[in-house]
Amino acid sequence: MGLLSQSEPLPWEQAKKYADHIRNHGITQFLSIYNKSKNRENDCLLWGDEIEYMIIAYDDEGKNAKLSLKASDILHELQKAAEESSKKDEEVEALWQPEYATYMIEGLPGIPYGSSLKSMLRVEQNMKLRRKIASKFLSPNESIITLSNYPRLGCPGQFSEPYNEPFGPKLKSSFVPDEVLNPHMRYHALSDNIRNRRGSSITVNIPIFHDKKSSNLFYDCEEALTDHIYMDSTAFGWGCCCLQTTIQACNIREARKLYDQLAILSPIMLALTAATPIWRGYLSDMDCRWLAIVNAADDRTKEERGLEPLKNDRFVINKSRGDTIAYYISPDKTLKTEYNDIHSAYDRNIYKKLIDNGVDELLARHVSYLFIRDPLVVLEESLHQDDESSLNHFENIQSTNWQSVRFKPPPPNSDIGWRIEFRCMEIQITDFENAAFVIFIILLTRIILSYDLNFYIPISKVDENMVIAYKRNAINTEKFWFRKNIFANCDGDADEFEQMTINEIISGNGKEFPGLINIIVQYLESMNIDIETRYHLGKYLEFISMRASGKIQTAATWIRNFVRSHPNYNHDSIVSQEINYDLIKMVEGIQKGQVKAPELLEAHIIEAGNISKSLRVERGPLIRSLNEWLQGIHLGNQFFKVSVYADDLNIGIGSHTDWNE
């Protein structure tokens with residue numbers, strides 16, 4: 001979750017005095033690394049995933065599944081074991097990092113995955129291995145699970161082990177104690193300074209799901225909305241677990257293209273991975289954590305939110321620090337000016353400095369938008385840095401803009417290249433599901449680059465899609481704005497977009513739109529893939545297709561149905577301690593393979609080869625037109641061809657292959 005230091009950050013009243021200093025030096029640092037790396041080429045495809053885990057302590061006698069607040073101790077042992085393996089020159093199979101809450105840890109693969117299709121087969125294996133490694137350091141009554149949020153966080157009574165009372169001096173929450181907060185001072189400073197900068201407590205209101213006997217929900221608080229589940233702390237957003245993936249691009253142009261295209265796909269992937277239907281012990285009318293993330297990261301003052309005239313602040317800011325992107329940044333010829341249509345505020349002085357130093361308008365506007373924010377974690381002893389060798393002031397602000405996608409420059413003096421971090425997906429119950437979605441994202445990046453796909457729609461439509469994505473059962477009942485023709489060199493109505501279902505976007509509509517999976521299958525069929533790799537990738541793609549079609553459920557739907565069918569559920573929207581206990585026990589059983597859940601995992605038993613057969617039927621003439629398009633690409637007066645190398649993902653138009661090859 002960003003930079004960590006062992007020093008104690010300054011309180012807000014002192015920290016804000018250094019905001020301009022950090023912003024100015026952060027931009028100088030960015031310009032330094034930009035000028036050193038803007039012509040960097042031919043970095044190989046490297047990528048990895050990040051999984052956030054939740055630690056549960058069971059009281060079987062009392063039928064209570066509680067949050068275990070011992071992540072720091074477990075993390076210490078995990079990092080110690082990894083360090084010892086490294087000293088012995090043994091392969092480090094997993095890396096471990098702290099997270100916001102004392103019941104969370106983050107696990108990553110020990111080394112990045114590479115460019116071959118076969119490397120994708122390591123993903124699920126490594127996820128299973130991470131779970132096994134972490135479990136070694138648990139007590140007999142504990143378990144490590146992947147749930148998007150703990151359903152009864154903030155409920156009265158003992159939802160954590162050990163138990164602590166709320167109303168602490170740090171979070172100042174009516175529902176959760178300070179002890180859920182990671183003891184590292186960075187997390188304390190973030191929680192303190194977001195609230196102090198904002199001038200009021202965090203406000204999260206999630207609409208309640210009205211069941212047959214649900215009472216009207218009312219909380220005696222000015223910020224609470226009637227019939228909404230009210231929450232008052234960053235812990236309700238940042239205490240959620242998610243699934244992220246980071247991709248190293250070939251060069252800055254490729255990274256900027258992927259940033260834009262993946263940002264457009266963010267709402268689609270959020271709806272596909274929906275997994276968060278319960279908040280503070282109530283069933284909600286939303287399926288995702290996104291609104292809680294947006295509100296938990298919202299440090300804007302009333303003036304910045306447009307609730308009061310500007311007097312002490314510089315800008316009216318239309319988005320929280322944690323939200324969808326504000327601007328497209330790719331110099332791609334298919335990006336039209338009118339697509340950047342929400343006109344978010346940006347710092348004109350910083351913009352001018354970037355332009356004067358050779359940064360193009362699109363990237364300059366992106367960076368100067370990020371830098372309208374104040375630094376939230378300020379260390380007095382780190383104020384003065386060598387701007388040629390450090391990127392810490394830049395990352396101070398960059399890493400506290402928690403957008404759906406993050407554009408990441410290379411670290412100074414490093415072999416690491418330009419990267420994109422895809423941040424919006426919800427964590428899934430099983431390693432199979434998590435692996436499927438990570439692999440799907442990587443395959444999407446390959447077809448975006450290889451076929452020069454163009455998903456551009458106005459950013460205002462992406463924002464509309466995001467609001468739609470977290471509605472209850474959006475995957476089956478809602479439509480999303482999407483481009484009708486995604487091939488970049490098409491003429492005529494190429495700019496038109498319409499509302500499509502998730503299933504149409506993923507699997508095609510049987511008419512003009514081919515569907516993303518069909519294009520992936522065409523891409524895979526052009527490669528020389530061994531039988532094992534084809535079989536496993538087929539399983540993952542079949543799972544994605546079935547999820548999109550509604551043949552299998554999202555975790556959110558499955559959890560909601562589990563609660564509503566529980567014998568002790570009173571159809572009143574309340575998730576009791578016992579229901580929660582049974583739910584988490586069931587989740588653990590599914591994760592361990594002890595309980596079958598065909599509503600979630602029917603794709604797990606498909607036979608080899610089914611993916612090509614089932615999807616080829618739907619493709620028909622669409623693939624013929626795609627093949628015709630792939631035969632040659634005309635740009636201006638030049639002709640270029642597509643080169644494909646067997647079992648190598650480092651390919652593509654304008655990316656890993658020479659344009660004039």
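Here is a quick tour of this protein chain, from its overall make-up down to a few single residues. Keep in mind that the model is predicted. The chain has 661 residues, and 62% of them are buried.

**The whole chain**

- Take the contacts between residues at least 6 apart in sequence: 74% of these join residues at least 24 apart.

**The largest nonpolar core**

- The largest nonpolar core holds 210 residues, and the members touching the most other members are Ile105, Tyr328, Ile506 and Trp558.
- Helix 12, which covers residues 431-450, gives the most to this core, with 14 residues.
- Let's zoom in on Ile506: leaving out residues up to four places away in sequence, Ile506 touches Ile268, Leu272, Phe440, Gly515, Leu516, Ile517, Asn518, Ile544 and Ala548.

**Two pairs of packed helices**

- To describe two packed helices, you give the angle between their axes and the distance between the axes.
- Start with helix 7 (residues 252-272) and helix 13 (residues 459-469), whose axes are 8 Å apart at an angle of about 10 degrees.
- Angles under 35 degrees count as roughly parallel, so helix 7 is roughly parallel to helix 13.
- On the helix 7 side, the contact uses Ala263, Ile264, Ser266, Pro267, Leu270 and Ala271, while helix 13 brings Val462, Asn465, Met466 and Ala469.
- Sort the residues of this contact between helix 7 and helix 13 by type and you get eight nonpolar, two polar and no charged.
- Now for helix 16 (residues 516-525) and helix 17 (residues 531-549): their axes come within 11 Å and cross at roughly 170 degrees.
- Angles over 145 degrees count as roughly antiparallel, and that is why helix 16 and helix 17 are described as roughly antiparallel to each other.
- Here Ile517, Ile520, Val521, Leu524 and Glu525 of helix 16 meet Arg534, Leu537, Leu541, Ile544 and Ser545 of helix 17.
- This time the contact residues of helix 16 and helix 17 split into seven nonpolar, one polar and two charged.

**The loop between strand 6 and helix 5**

- Glutamate 161 and proline 162 are joined by a cis peptide bond, with omega at about 0 degrees.
- Proline 162 sits in the loop between strand 6 and helix 5.
- Tyrosine 163 is in the loop that runs between strand 6 (160-161) and helix 5 (185-198).
- Is tyrosine 163 buried, exposed or partly exposed? Its relative accessibility is 33%, so tyrosine 163 counts as partly exposed.
- Not counting residues up to four places away in sequence, tyrosine 163 touches Gly157 and Gln158.
- Tyrosine 163 and leucine 67 are 96 residues apart along the chain, and their C-alpha atoms are separated by 9.4 Å.
- Phenylalanine 167 is also found in the loop between strand 6 and helix 5.
- Phenylalanine 167 isn't a glycine, yet it has a positive phi of about 65 degrees.
- With a relative accessible area of 61%, phenylalanine 167 is exposed.

**The loop between helix 12 and helix 13**

- Aspartate 452 lies in the loop between helix 12 and helix 13.
- Although aspartate 452 is not a glycine, it has a positive phi of about 50 degrees.
- Is aspartate 452 buried or exposed? Aspartate 452 is buried, because its relative accessible area is 13%.

Definitions and conventions:
Residues numbered from 1 in each chain as written. Predicted model: local features only at pLDDT ≥ 70, side-chain atom pairs only at ≥ 80, totals over all residues. Heavy atoms only, no water. Axes fitted to C-alpha atoms, helices over the stretch in contact; angles between N-to-C directions. Helix = DSSP H or I, 4+ residues; strand = E, 2+ residues; numbered from the N terminus. Parallel < 35°, antiparallel > 145°, perpendicular 65-115°, else oblique. Contact = heavy atoms within 4.5 Å. Nonpolar A, V, L, I, M, F, W, Y, C, P; charged D, E, K, R; others polar. Core = buried A, V, L, I, M, F, W, Y, C linked by side-chain atoms within 4.5 Å. Buried < 20%, exposed > 50% of the residue type's maximum accessible area, 1.4 Å probe, protein only.
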